[in-house]
Amino acid sequence: GSTMEGRKDAYRKLMHNKRKVPVLISEIGLNMYFPIMSTTDTKQMIWISYEDVWMIKPLTNKSTRVCFISGCEADIPVARRNVKSQMDKCRIYHNYFMENE
């Protein structure tokens, strides 16, 4: 088994990035979740499943609508660029595993 801290440490070591790191849930399907806000304050913690995101739309300068493949939507209080940056981290991590398989 793995711990969440172990998964975060693996990402940090492989990707040389230490802030708001995505967490690989399963190596088989390369399922990943990425944090949007605080990863320490449970009242502000938001994690999103990378594979389930269909589209992200800016609502204002400081809020974004995340549209999921299921048809659900969630409005989150962060700029679109922050969400896109987190999704880019997941894409790069995913590609790392595909290239080093």
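**Aromatic rings and a glutamine**

Analyst: Phenylalanine 97 has a relative accessible area of 23% and is therefore partly exposed, a class between buried (under 20%) and exposed (over 50%), using a 1.4 Å probe and protein chains only. The model is predicted: local features need pLDDT of at least 70, side-chain atom pairs count only at pLDDT 80 or more, and totals for chains, interfaces and linings use all residues. Residues are numbered from 1 along each chain as its sequence is written, and side-chain values use heavy atoms, with hydrogens and water left out.

User: How many aromatic pairs does the structure hold?

Analyst: Rings of Phe, Tyr and Trp (its six-membered ring) pair if their centres lie within 6.5 Å; planes under 30 degrees apart count as stacked, over 60 as edge-to-face and the rest as tilted. By this rule, the number of aromatic pairs is three.

User: What is the centre to centre value for tyrosine 11 and tyrosine 93?

Analyst: Tyrosine 11 and tyrosine 93 are both buried. Their pair is edge-to-face, with 90° between the planes, and the centre to centre value is 4.8 Å.

User: Is glutamine 86 buried or exposed?

Analyst: The relative accessible area of glutamine 86 is 4%, so this residue is buried.

User: Which side chain makes a polar contact with the side chain of glutamine 86?

Analyst: A polar contact is a pair of N or O atoms within 3.5 Å; within protein, one must be able to donate a hydrogen and the other to accept it, and residues adjacent in sequence count only if both atoms are side-chain atoms. At 3.0 Å, the partner is lysine 89.
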